[in-house]
Amino acid sequence: MELVRRGGELARLEELLVASRRGEGSAVLVSGSPGTGKSALLRDFTGRAEAAGALVLNACATPAESDLALGVAGQLLSGVGAGAGWPGPYDDGGDGGAYGRGGGDVAALFHRALREVAAAVPLVVAVDDVQYMDELSSRCLLYLCGRFGTSPILLVMGGLPPSRSGPARPLAELLRHPRCLTVDLPVFGEDAVADFLRAPAAGGMDPGAALRLAPAWHRVTGGNPRLLRGLLDDHRDCAPLRPAGPVTGTAFRRAVTGCLRPAEAGEQAVARGLAVLGDAATVTLLARLLGLHEREVAAVLDSLGATGLLAAGRWRHEAARAAVLENLPAEEHARLHSRAARLLLEDGADPRTVARHVLAAGGAGIGSGAVHGGAGQAAGTAAGAGEPWAVAVLAEAAELAMRTGEARLATRFLRAAHPACTDERRRAGLLEALARAEWESDPAAVTRHLPALEGALRSRAFDTGRAAGPVGLLLWHGRPDEAERALSALGSAGPVRELRSWLGQVYPQSARAGGGDPGAAAERVLEGIALDQAPPTIAAASLSALVYAGETQRAVHWCTMLLDAEAVPTTPVRRAVVAAAASVVHGRTGRYEEAAEYAGRALALLSPEAWGVGIGMPLSAAVAAAVCLGRYEEAARQLRVPVPEAMFRTRAGLHYLLARGRYQLAVGRLRAALGDFHACRDLLARWRLDLGGAVDWRAPAAQAERELGRGLAVQGAAEGPVAALSRAEFRVAALVAQGCTNRAIAARLYVTTSTVEQHLTNSYRKLSVRSRADLAALVTAGSV
């Protein structure tokens, strides 16, 4: 890729090349953080030097060969052949190496060999990644640098800033030599990022688009050219789409690791520790986590900031942090998170922050490594038995998460804490909390815990005050018999009597003496849900108890309060429960549009499986509202939603039957309608309930019987052509004969005017008539 905004640096190198041709040799260090383009600048410059007639000797130092004596010097001379007596590279491994042969002699031989070459042609010596150069090669270049007086030699080196690499002698002496100049390559500012995006090699982005995107791209990359190229590759992979903002994908993450790859062990450790701690990181905490001195940590953070990866000591973008974590070995990942959890716990951090580290370390069995001490002390942590402190932190974090509506996060914490807990009563409490958290995030998933919850209730592992949650879950998922057995085992304390009352409210056939005013009990529960304390299962029963007992105004009050913008429940389940109750309330008060809206909202928040028997509330309201609004297709669609058999053992089932019967009556399915109305009658008799107007099955049943009798009598008496009409068509035709308008017929038959018109069109076609008068005449004649 072509160089962007490096013209000044390139011109400076070319000036030094011209000076070396005049016999004014010099050395220059092209310095910059990883990814700033040092190697690219060296390649571009050496290419230009060769084109100008200079001989270029190239070498690249690597960490793997930093102990290979004369490795870099040997690379340089390999291009021209070794000079007389040149020993060649070898491992300084214990026999004295080049020192045994005389380090000064080797440097002199190196200098003589280069002078012989430079006598015939201008010479450029280029060494990249100089910070990894072996000591003897450094001595050779230092010797060369001290004898530049009349040598037509230019030594160009690329490497990290001296303060970053911290080189040892003699490399440090070489880089501080008076004849060694420094050319710094800083990261780009926003204007340079725009130039980068406009460059032909970057795709020649439109200048306007480049200016618009530059600030966001700079925020992500800090202006580091390597990171910019990674971001550009990911941007191109999105083609033909043109994302409005930066897209961080595989290429960007690879660029991040590329910027860290040359780092020393301490710098790699700080990057990993910072990735593990995230926003909780401080210099002090990082130093304690890694067993390093704070001064060393601060220096590394400054270096990473200069690279463009950090801003104010934090990762500029989460993708950079993720890239570091992806390359963190599993054992090191667990060790660092385990130690971070302990340190943060000691410092009194938010339990949710500590719990996240516990999860990342492998759960509550994270081992018993020491909290104090360096990294070596924490290295011995390993998975083991569940630790009480970890279980306690996970439980506390889950409770806080539930208070803030983070049910899924609470579920993650509790799934780790519950199996690790060894105390039976504590374990039962964690199971109840886990089931409640799962119910609030995905009610269908909680069914796998119901047998264990029932067993814990029957064994009295729960205090009676905590039994409401498990009992409510059993009721919600259609298990009243199990709930009744559990309540029998719990005795007859006050809370148990109230739970028995709720069992009777939801499943009337299971009612036993609970005593008290259901309305007052409902209000106590609703006060709890307003404070985000009551289980939503019991809250649903409370709202329905008020509505189905005819306490509509009290239900309106609670629905209005719970739907208030500032007091709205914090999880989808709680919002769904209140929306369902609101749909029932609005239907009872004749506000059918609002009833349909709230019912749709409730059904959209939870799947039918998640609703359990509670689905009867929003479904019955949705069907009833659709029928009253003449939206029969919508009512039919809602009636196709599957419902559990256990729902017909609840009060909500009564309202569902009533709503379905009214739909059947409206569309002319009279016998089916009568079946639903009579089912309501039979259930009320079996349960010994008298709900009055709350379940008014008598009036629609009487209407269905009248319509059915009239239709049978009229159609049975019909003779002639009208006998060809269907029952529904004949009913419409008979009302036409009585002089009714289409609107009046629709109101009488509980159908839409379009349905009436369709029946009339079919009748005209079957009877070969063209007017209402002709149709009325045929009906009258056929009935005589």
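Strands here, like helices, are DSSP runs numbered from the N terminus, with at least two residues (E) for a strand and at least four (H or I) for a helix. The model is a predicted one, so to speak of local features takes a pLDDT of at least 70, side-chain atom pairs count only at pLDDT 80 or more, and totals for chains, interfaces and linings use all residues. Residues are numbered from 1 along each chain as its sequence is written, and side-chain values use heavy atoms, with hydrogens and water left out.

Back to β1: five bridges join β1 to β7, and the two run parallel. Strands count as paired if DSSP finds at least two bridges between them. β1 also pairs with β6, again in the parallel sense, over six bridges, and L29 has M157 of β6 as its bridge partner.

How much of β1 is buried? Six of the six residues of this strand (residues 26–31) are buried, so β1 is largely enclosed by the rest of the structure. "Buried" means under 20% relative accessible area, with exposed over 50% and partly exposed in between (1.4 Å probe, protein chains only). In a regular strand, side chains alternate between the two faces of the sheet. In β1, S26, V28 and V30 point one way while A27, L29 and S31 point the other, and all are buried.

Now for the whole chain. The secondary structure comes to 41 helices and nine strands, and buried residues make up 52% of the 784 residues. Among contacts (heavy atoms within 4.5 Å) between residues at least 6 apart in sequence, 68% join residues at least 24 apart.

In soluble globular proteins, nonpolar side chains tend to be buried together. A nonpolar core is a set of buried Ala, Val, Leu, Ile, Met, Phe, Trp, Tyr and Cys residues joined through side-chain atoms within 4.5 Å. The largest core in this model has 97 residues, and those with the most contacts inside it are L457, W611, Y663, I745 and L775. Helix α35 (residues 651–666) gives the most to this core, with nine residues. A second, separate core has 80 residues, including V193, V276, A323 and L328.

Among the helices, α30 (residues 572–588) and α33 (residues 616–628) have axes that come within 8 Å and cross at roughly 35°. The contact is made by A580, A581, S583 and V584 of α30 together with M617, P618 and A621 of α33.

H418 lies in helix α21 (residues 407–420). Is H418 buried or exposed? At 14% relative accessibility, H418 counts as buried. Neighbours within four places in sequence aside, H418 is in contact with R427, L430 and L431.

Terms used:
Axes are lines fitted to C-alpha atoms, for helices over the stretch in contact, and angles run from 0 to 180 degrees between N-to-C directions.
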